[in-house]
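Dear colleague,

I am handing over the structure below, and I would be glad if you could read these notes with it open beside you.

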Amino acid sequence: MVAGYRAALAIPGVARVVAAVLVCYLLAGMVNLSLLTSATQATASYTIAGAVVAAYSAAVAVSAPIWGRVVDRRGPLWTLAAASTAQATAFVGYITVLVVDAPAPSLIATAAAAGSCTPPASAIAKRIFAKYDDPGSRRALFAISGLFSELVFVVGPLIVGGIVAIAHPTLAVAVTAAVSLAGVWWLRGAPAVRELAAAQAGDPSAEPRRRTGLDAAQLHVLAVVTLGAVAIGALQVSVVAHAAHLGLNPGLFVAGLACGGVLASFTYGARSLPGSLPTQLAVALGLYGVLIVAFGTGPGIVISVVLVLLAGAATGPADAIEALLIADHTPGHAQSEAFAALTTANWLGFAAGSALAGTAIDRAPLWAATTIAGAAALAAALSLVMRLGPEHAG
């Protein structure tokens, strides 16, 4: 099963990119908890702390495609240097605001600044992965990327939690900033990134072909990604509510989702699935929707754990398939912007799903929230079957 991964990682320069991007991804797994704990400690207000995290998240979502477009126009080296320097400066500003006990708006503003300068490491790595012609290697590399996006939300909170347990939460913010900076500069120094920059600089015909927007096919894929993220966000809230109803630690269900996703992501990278990419994604999202609806019936502990494991497994390969679809629909000179837009779609969808499910659970039984999640996933699956399937048959 690992032969495909060995072949992909044996491509010259790829292992360095994979290792560096894992460090870069840790930012996503660490930043929300470090901001939340530090803001809560400083203000004693969960309302303000929530606003800090929301400001950071919204800024990431809005700025991601902009940074992706900068990569396509200025190249990865300049963009990574500029973004990482700006973000490090913003994090220093946030820490300074914490130390001097400045008003809450300053915390929110500096957190938003840090989010708006998030380096497009994922978009650049995916652009490198997309250039390899061997389908097995591309699938394995995008599966690794999806696997990392699952793992960092397990590892990142553990790191932050460990720091907060022995030191002031401000240190967690500083470590988060340092990890991001180190990962970005490690990635920037990778030969594959420098080769990408040289190839981009040496293509004088690329500039007239650069586009300022996304086409209909790309926008449709991003709409599917957003709907899938709505389903994921709504399910995350639903499992917490269901765990509370059963008198359980919600970590049991959250861990089950993560474990299912990690195992499925790994398996997808190692084995080719039948059908076209849209068909694979439609099946994954369709299964996810059905399992969510079943979870909404409020089953007992054992069946609930099985359902969340299966749901995690159903959606596990989605990140890789979505990135492969974007790669298929986007010429190389515009891929950074398109891959960065995946970040926006995921952040916005997750936020919307979480908010909708939270509102539903406050006013109705569990099935109301899971219906929202299931409907979003099934709508995304149906959309793929109706529109993308014929274009990628076989």
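**What was found**

Ile159 has a relative accessible area of 31% and is therefore partly exposed, where buried means under 20% relative accessible area, exposed over 50%, and partly exposed in between (1.4 Å probe, protein chains only). Please keep in mind that this is a predicted model, in which local features need pLDDT of at least 70 and side-chain atom pairs count only at pLDDT 80 or more, while totals for chains, interfaces and linings use all residues. Residues are numbered from 1 along each chain as its sequence is written, and side-chain values use heavy atoms, with hydrogens and water left out.

Ile159 is found in helix H7; helices here are DSSP runs (H or I, at least four residues), as are strands (E, at least two), numbered from the N terminus.

Turning to charged side chains, a search of the whole structure finds three salt bridges, each being a side-chain nitrogen of Lys or Arg within 4 Å of a carboxyl oxygen of Asp or Glu. One of them joins Arg69 to Glu337, with the closest N and O atoms 2.8 Å apart. Because Arg69 lies in helix H3 (residues 46-74) and Glu337 in helix H16, this pair ties together parts that are 268 residues apart in sequence. Arg69 counts as partly exposed at 30% relative accessibility, whereas Glu337 is buried at 6%.

Another salt bridge is formed by Arg127 and Asp72, whose closest N and O atoms are 3.0 Å apart. Arg127 lies in helix H6 (residues 121-130) and Asp72 in helix H3, so parts of the chain 55 residues apart in sequence are tied together, and both Arg127 and Asp72 are buried.

Arg138 and Asp328 also form a salt bridge, with 3.3 Å between the closest N and O atoms. This pair links distant parts of the chain, since Arg138 is in helix H7 and Asp328 in helix H15 (residues 318-329), 190 residues apart.

As for the rings, the structure holds four aromatic pairs, meaning rings of Phe, Tyr and Trp (its six-membered ring) whose centres lie within 6.5 Å, with planes under 30 degrees apart counted as stacked, over 60 as edge-to-face and the rest as tilted. Among them is the stacked pair of Tyr5 and Phe266, at 4.9 Å centre to centre and 10° between the planes. Tyr5 counts as buried at 7% relative accessibility, while Phe266, at 30%, counts as partly exposed.
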